[in-house]
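Me: I would like to go through the terms used for this model and see what each one rests on.

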Amino acid sequence: MLRHRAALDWWCARAAPDLSPAPRARVIAALVLSGEVPGAELGPLFSGTAYAPAPLDEAEAQLARALSGQALDHPDQPRSVRGNYPDWLDPYLGRRFGEGLEAELASLNEQAAVDLRVNTLKATRDAARVALVREGIETKPTPFSPVGLRLRDRRPLGAVRAYRDGLVEVQDEGAQIVSLLTGARPGMAVADYCAGAGGKALAMAARMENRGRLLALDVSPRIERAAPRIERAGASVSPTR
């Protein structure tokens with residue numbers, strides 16, 4: 001719904017200009033335009049019984065009929081609708097990205113990759129990759145982080161031995177790069193303010209080779225979630241709230 005809100009609102013305005021693009025209208029448009037539910041078959045879903053939403057009124061039923069057979073994308077849609085961003089941003093984004101704008105914006109609607117950071121306190125990237133392969137998990141090196149692996153397929157990792165043994169930690173490549181750019185080295189005293197659950201602090205601990213002092217600080221209770229991660233990683237980090 002959020003990824004395609006601009007297109008849904010565009011279709012609602014085109015097919016039913018007198019119907020406000022309220023959440024229900026967007027849901028109806030999303031169901032029909034995705035092809036999951038033909039417009040004529042929406043009625044049973046909106047029965048009003050148990051947890052089902054209230055029945056469609058005549059304007060909503062007309063919207064469903066008008067959208068039947070249509071696709072989410074349409075050649076008449078302006079660039080901001082195709083990219084799902086506000087109209088006022090168009091000149092700024094156009095200057096920044098030029099002809100690559102639509103590709104850049106389309107990438108924001110794609111499912112994010114799952115990246116792992118190899119815990120170099122316990123394994124090299126190659127060794128961690130081999131350990132994951134033994135458990136049927138295929139990865140490839142991240143393009144920029146020298147300690148990152150990218151899953152080829154999304155899957156839960158809680159029961160994976162390489163994860164439970166602390167060889168890898170779930171962390172997107174961007175966060176890995178931020179941790180690397182701090183320049184944390186063995187022997188330093190480092191304070192990670194607003195540490196959250198400690199992901200970047202763990203990455204810096206590995207870069208420091210557990211030599212020095214590293215404080216992970218946060219006023220949020222999230223910092224308490226760092227303790228089991230620190231233990232699993234074998235890292236020397238002091239989480240402090």
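**Terms and grounds**

Reply: In this predicted model, Gly136 comes after helix H7 and has a positive phi, near 80°.

Me: Why are Ala128, Ala131 and Leu132 of H7 called buried?

Reply: Buried stands for a relative accessible area under 20%. Ala128, Ala131 and Leu132, in H7 (residues 125–134), are classed as buried, so each has a value under that cut-off.

Me: What puts these residues on the same side of H7?

Reply: They span an arc of only 100° around the axis, and therefore share a side of H7. Asp126 and Arg134, on the other side, are exposed, which means over 50% relative accessible area.

Me: What covers the buried residues of H7?

Reply: The cover includes strands S1 (115–118), S2 (139–141), S3 (148–151) and S4 (168–170), along with helix H8 (161–164).

Me: Which residues lie nearest the centre of the largest pocket?

Reply: Ala197, Gly198, Gly199, Arg222 and Arg229 do, out of 16 lining residues. The volume of this pocket is about 260 Å³. Helix H10 (residues 199–207) gives the most to its lining, three residues. By class, the lining has six nonpolar, four polar and six charged residues.

Notes. Residues are numbered from 1 along each chain as its sequence is written. This is a predicted model: local features need pLDDT of at least 70, side-chain atom pairs count only at pLDDT 80 or more; totals for chains, interfaces and linings use all residues. Side-chain values use heavy atoms; hydrogens and water are left out. Buried means under 20% relative accessible area, exposed over 50%, partly exposed in between (1.4 Å probe, protein chains only). Helices (H or I, at least four residues) and strands (E, at least two) are DSSP runs, numbered from the N terminus. The arc is that of the directions from the helix axis to the C-beta atoms. Contact means heavy atoms within 4.5 Å. On a 1 Å grid over the protein atoms alone, a cavity is a set of points where a 1.4 Å probe fits but cannot get out, and a pocket is an open set with protein on both sides within 12 Å along at least five of seven lines; lining residues have an atom within 4 Å of a point. Grid points are joined across faces, edges and corners, and a volume is the space filled by probe spheres set on the points. Ala, Val, Leu, Ile, Met, Phe, Trp, Tyr, Cys and Pro count as nonpolar, Asp, Glu, Lys and Arg as charged, and the others, Gly among them, as polar.
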